[in-house]
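Let's take a look around this protein together. Have the sequence and the 3D view handy as you read.

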Amino acid sequence: MITRLFLIRHGPTHAKSMVGWSDLPADLSDSAALARLSDYLPADALVVSSDLSRAAETATAIQGQRQRLPHVQALREIHFGAWELRTWAEIDAEDPERIRAYWETPGDVTPPGGESWHQVCNRVNAAVDGLIGAHRGRDLIVVGHFGQILTQIQRADLLTAEEAFAHRIDNLSVSEISRGPDGWRTGVINHLP
């Protein structure tokens, strides 16, 4: 039995800083893009999102007649800790080695008070595994975040963290992966319907 996941990145926040667990709203003014995205997705899929408003509101905007599942906090973006809502330049001026290591060799490096890439992967993998276990064989539309989507692409394609970070994930894009008896498979990545 195959479970297909349609990983959607929330609408844009227009922030020019690192936005992780801060609850910024999404700009959902592009109704044509939202309609194209909703039309592209399977009509009988279940919809779930992170509990942050930018993801939850995007999920509502594309839900249509689909059944909605409760928000899942573990699907949140990377927790940037003390780097939250700060720019690369600001952090680079204070702690250049750590910020470069965090993005260029992701793994165990953490922002002060935040999560390492490995911690993000463990959190999101457990949440996605729980959703697949509870809804095996169903199509799931998972509305979330850049980092959260990359964790699943990394897992499905057996990539290194550096290879996963090379992917572009645009706002209102869909990336498709599936889990079946033969393991993970990837479909389109960063598709803008």
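## Starting at R100

R100 has 36% relative accessibility, so it counts as partly exposed (buried means under 20% relative accessible area, exposed over 50%, partly exposed in between, using a 1.4 Å probe and protein chains only). R100 forms a salt bridge with D92, with the closest N and O atoms 3.3 Å apart. A salt bridge here is a side-chain nitrogen of Lys or Arg within 4 Å of a carboxyl oxygen of Asp or Glu. D92 itself is buried, at 18%.

## What you're looking at

This is a predicted model, where local features need pLDDT of at least 70, side-chain atom pairs count only at pLDDT 80 or more, and totals for chains, interfaces and linings use all residues. Residues are numbered from 1 along each chain as its sequence is written, and side-chain values use heavy atoms, leaving out hydrogens and water.

The structure holds nine salt bridges. One of them joins R123 and E115 at 2.8 Å, N to O. Both ends are tucked away: R123 is buried at 16%, and E115 is buried at 10%.

R168 and D170 pair up too, at 2.7 Å from N to O. Here R168 is exposed at 59% relative accessibility, whereas D170 is buried at 17%. R86, E90 and E94 are linked in a network of salt bridges.

## A serine inside

What about S38? S38 is buried, with a relative accessible area of 14%. Leaving aside neighbours within four places in sequence, S38 is in contact (heavy atoms within 4.5 Å) with I62 and R66.
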